[in-house]
Amino acid sequence: MEFTQVLSERSSVRDFRATEVPAALINEILNEALKSPSWSNTQPYRVAVATGERRDQLARDLKSRYDEVSALQGQPTWKQAIMSWVRGALPDGDYKPILKYPEELQRRRVETAKGLYRQLGIGREDRKARDAQTGKNFEFFGAPVVMFIFVHEGLGVYSALDAGLFLQSLMLAATDRGLGTCAQGALAMWRSPVARAFDIPPKYNLLCGLSLGYPSDHAVNQFQPDKRTLEEILLPGRD
Ligand SMILES: Cc1cc2nc3c(=O)[nH]c(=O)nc-3n(C[C@H](O)[C@H](O)[C@H](O)COP(=O)(O)O)c2cc1C
């Protein structure tokens, strides 16, 4: 593919075919992503790749935790916290999820979520269907491959920046080969199931996950949220 075509063809895939991705192909795209730039060339990230039974076990572990937590929605916060703890489902990720978005960003977040649910035919009030859709994050949207990205805590925000560059290279390399991806912050909500499956070096924090596989024909994969215009992101100069 032409580079510009790869750039415009990449979009988040939220429904995958069960078709396995050959290990050699997974390594090929990871090797391409390794060419990414990083702070002082430190490459402060590590990647855990799960396929087969390990992937299935992770999906079971993460989905059951999500189900426990979502069943408590609507209960007082203290009750949610106690019950999640009692049931072993209290989020134990390295980074706190953002519960309250800054107002200027919240609007885009809401518009994107609305667009996604509209594409799926899920009504605004249909909490059950929305929760079920969110739950698919934890089964990797059916993808046969899931990756977990870890960053060294010692570089602070710069390790996240480097991991982001690595992720984008990885997603573009995958797109170039007809594969689909979805970066997923949701997959950093619980660390313990991932820590049971992989030997994680000290000081490496779980930043996010990535589902990888061949996109299905499901309508959700046609969803293309709008992007900001150039005028919106360019800052005006001072006179
Ligand atoms: C760091 C990061 C975390 C994300 N987390 C999630 C997630 O947990 N679940 C999800 O469905 N999409 C997730 N996304 C996908 C975004 O929603 C998506 O990139 C955005 O809506 C723009 O759509 P596009 O990727 O199709 O261009 C994430 C993307 C990034 C870059």
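Biologist: How do I read a contact list, and which residues is Ala50 in contact with, leaving aside its neighbours within four places in sequence?

Modeller: Contact means that heavy atoms lie within 4.5 Å. With its neighbours within four places in sequence left aside, Ala50 is in contact with Arg55, Leu58, Pro144, Val145, Val146 and Phe198. One of these, Pro144, is 94 residues from Ala50 in sequence, while the two C-alpha atoms are 8.4 Å apart in space. Before we go on, please note that this is a predicted model, in which local features need pLDDT of at least 70 and side-chain atom pairs count only at pLDDT 80 or more, whereas totals for chains, interfaces and linings use all residues. Residues are numbered from 1 along each chain as its sequence is written, and side-chain values use heavy atoms, with hydrogens and water left out.

Biologist: Is Ala50 buried or exposed, and in which strand is Ala50 found?

Modeller: A residue is called buried under 20% relative accessible area, exposed over 50%, and partly exposed in between, with a 1.4 Å probe and protein chains only. Ala50, at 0% relative accessibility, counts as buried, and Ala50 is found in strand S1, residues 45-50. Strands (E, at least two residues) and helices (H or I, at least four) are DSSP runs, numbered from the N terminus.

Biologist: How many helices and strands does the protein chain have, and what pattern do they follow along the sequence?

Modeller: There are nine helices and four strands in the protein chain, and along the sequence they follow the pattern α-α-β-α-α-α-α-β-α-β-α-β-α. The radius of gyration of the protein chain is 19 Å, close to the 18 Å from the globule rule for 239 residues, so the chain is as compact as a globular protein of that length. That radius is taken over C-alpha atoms, and the rule is 2.2 Å times the number of residues to the power 0.38. Buried residues make up 37% of the 239 residues, and among contacts with a separation of 6 or more, 82% come from residues 24 or more positions apart.

Biologist: How should I check the length of a helix, and what span should the 18 residues of helix H5 have?

Modeller: The expected span of a helix is 1.5 Å times one less than its number of residues. For H5 (residues 103-120), the 18 residues should span 26 Å, which agrees with the 26 Å between its end C-alpha atoms. Helix H7 (residues 157-176) has 20 residues and reaches 29 Å from its first C-alpha to its last, close to the expected 28 Å.

Biologist: Which residues of H7 are buried, and what covers them?

Modeller: An α-helix has 3.6 residues a turn, so residues three or four places apart point the same way. In H7, the buried residues include Ser159, Asp162, Ala163, Phe166, Leu167 and Leu170. What covers the buried residues of H7 includes helix H1 (3-9), helix H2 (23-33), S1, S2, strand S3 (180-184) and S4. In H5, by comparison, Arg108, Gly115, Leu116 and Tyr117 are buried, and the buried residues of H5 pack against helix H6 (127-135).
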